[in-house]
Amino acid sequence: MITWEFQPIPATYNPELVQTYGKYTAKILALRGIETLELAEQFLDPEQYIPTPGADLPDLELAIDRILLARDREEKVTIWGDFDCDGVTSTALLLTALAPLGLDLDFTIPLRGSESHGLNLNRLAQIAQGGTTLIITVDCGVANGTEVDQAKTLGIDVIITDHHSLPDPLPQALAVINPLRLPEDHALRFLPGVGVAYKLAEALYQRLGWPDAEALLDLVALGIIADVAVLQRECRYLVQRGLPVLTQTTRLGLKHLLERVIPEGELLSGQDVGFRIAPKVNAIGRLDDARLAVELLITTDALRAEQLVDRFLEANEERRERTEEVVTAATILAEQRADAPALVLAGVGWHGGVVGIAASRLVERYGCPVVLIACDPLKEEGYGSARSIPGVNLAEALEAVGPLLLRYGGHPMAAGLGVKLTNLEALQLALTRELTQRLGGEKPDRVLRIAIQLDLKLLKDPVAELETIYGQLARLEPFGQGNPRPLIALLHLDTKRYLKVHKSGKHLYVQLGRQYFWYWHQGDRYADLVKYPLLDLAIELVPDSQAPWQARIKDLRPSPQTPVPARPSARLQVEDYRGQLALAIHDLEQPTLVLDQWPYLVLDLAQKLHQIQPEVIYLCAQSADWSQ
């Protein structure tokens, strides 16, 4: 079930922000906890934000000392990365950043299909035989205490740069650089792997007195957005600074990929990176060898760059097909458990490289935690990916069922696991129980948090108002985790006049003026919805390559019956205390309405008047300007 939650204007709504940025931007800023003009400027303008030094990260200076020692000793250094986009961008970043030191550099990334995240003993032995004496992990390693101990016995020092959940105790590495070791309110706390790698490179360059490391920010923006990191504080700043660098990247592979995917001259948005670039970089690691993705990001051979992009685009098409296969099969299983608070599903023939994407699709559809496990009968193992919803910590749930697993790791919202097929049924039962307990035993409603409401009965030109909204909300880019794209409710749409079904019967759409609002794959709901005279739409406004913006319908519902507001009594009396420090209410016997802020919609005020039937209204806001 989908529940609409209308977000009221917070008490921190600042009239100064309304005057500076507009009322819609001001409300979203208030919902983000941004109360002052100074905080708003830092959030909206990276030039106003003061970046946080990487030296705040524990063990970072130790790591720099060891890297410089490796330079002086002419040691061989191996970067150990991960196979997702965060991991490959982190790997490419450190390879690029450390190359000017003259180090003997190499890198390695596990194969998703046959190896797990992080260090493994077999590959570690191979690296030792190759002469490596220093390993720097990126986006992995913090869960590999045993492997770190083995590296030490092989004469290899290990520097861990990671952002995943901290074990107790930490690995006995030379340095463990992880933002989760910082206080919860620290600006660097949300950094993903590529952000940690960048802070290491940035601090190294500062130690050497080299020009700053901003040329690396193209990789940082790509990795942060791909990893769905929280776009607040330092992460937001790095993406704001990195998107223009990515748009003008000089990396031949990235440049060629952008030319194939993004119209020339168009400034990249966070949405472009998340939905059009990152999946293609990720695809090769899901279906093949992620080392090819690193090669794409560091190659200086134009012909090789073009060949790699062709291969990546082909892999992305295959990735889509494989994802649809898993989604279709998993949906059939999910429908048999439609009321289950959490879904832990397994299937033979599912491609292990796409179960994470498929799990995300099912989370969106069913609004509950989802774990999908691809079973390999030949190996007698299953490889799983899990995706969660806010408030349900996957890392804790997996730890609770750890004895049933071969391996596991990840974040509260996303994780991976391996399991022997002999333990699969027991795991499904135990993990379902753990997730259900964290949900309180019931399947949660899917909640749409509506930030802005427009009543179509009261608007002469709703499209013009939406254009105003889009222009104001564009200031809040980039959107993502921690800064979601605001949802807008269009209330009281005339169903018979505006709701249409596509000739294919697959899709619904609404036409307002010259704008088409599409509701994909919902055509089968037309016969039911058209019975209602009025509908409410939940939409989001997104950039469009053919126009400034387009509207996507996220949900449709019949408009709730709203009582017609009664005309207030002719005795209505207004007492104006705006801007004054004291308010004296003389007679509480009379029905009274006190307003410390003006209702966001006329309808809100009308309903209050109808419910309370006041004889006296007190205006008591401290705002000096009520002219609007």
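Let's begin at Ala221, which sits in helix α9, residues 217-226. Bear in mind throughout that this is a predicted model. Is Ala221 buried or exposed? Its relative accessible area is 0%, and the cut-off for buried is under 20%, so Ala221 is buried. Which residues does Ala221 touch, once we leave aside its neighbours within four places in sequence? They are Val239, Gly242, Leu243 and Val273. For a sense of distance, take Ala55: Ala221 and Ala55 are 166 residues apart along the chain, and their C-alpha atoms are separated by 21 Å.

Now please move to Thr52, in the loop between α3, residues 37-44, and α4. Thr52 has a relative accessibility of 12%, so Thr52 also counts as buried. Outside the four places on either side in sequence, Thr52 is in contact with His186, Ala187, Leu188, Lys199 and Glu234. With Glu234 there is a polar contact, side chain to side chain, at 3.1 Å. Have a look at Arg233 as well: 181 residues separate Arg233 from Thr52 in sequence, yet from C-alpha to C-alpha the two are 9.2 Å apart.

Helix α4 covers residues 60-73 and helix α8 covers residues 193-208; their axes come within 10 Å and cross at roughly 65°. The crossing is right-handed. Who makes the contact? From α4 we have Leu60, Glu61, Ala63, Ile64, Asp65, Ile67, Leu68 and Arg71. From α8 come Lys199, Leu200, Ala203, Leu204, Arg207 and Leu208. Sorted by kind, the residues of this contact are nine nonpolar, five charged and no polar.

Next, the sheets. There is an open sheet of eight strands with mixed pairing, and its order is β1-β12-β13-β17-β18-β16-β15-β14. Which strands stand at the edges? Those are β1, residues 2-6, and β14, residues 499-501; each has a single partner strand, so one side of each is left without a neighbour in the sheet. From one strand to the next, the twist averages 40°. If you zoom in on β16, residues 515-519, and β18, residues 549-558, you will find the two pairing in the parallel sense over two bridges. Trp518 has Arg552 of β18 as its bridge partner.

There is also an open sheet of three strands, in the order β19-β21-β20, and here the pairing is parallel. How many bridges join β19 and β21? Four, with β21 spanning residues 616-619. Within β21, Tyr618 is the bridge partner of Glu575.

One last stop, and then I'll take questions. Asn393 lies in the loop between β9, residues 381-387, and α16, residues 394-400. A polar atom of the Asn393 side chain lies 2.9 Å from the backbone nitrogen of Ala395. Beyond four places in sequence, Asn393 is in contact with Pro412 and Arg438.

Technical notes. Residues numbered from 1 in each chain as written. Predicted model: local features only at pLDDT ≥ 70, side-chain atom pairs only at ≥ 80, totals over all residues. Heavy atoms only, no water. Pairing = 2+ DSSP bridges. Axes fitted to C-alpha atoms, helices over the stretch in contact; angles between N-to-C directions. Left-handed = near helix turned anticlockwise from the far one by under 90°. Contact = heavy atoms within 4.5 Å. Nonpolar A, V, L, I, M, F, W, Y, C, P; charged D, E, K, R; others polar. Buried < 20%, exposed > 50% of the residue type's maximum accessible area, 1.4 Å probe, protein only. Polar contact = N/O pair within 3.5 Å; in protein donor to acceptor, adjacent residues only side chain to side chain.
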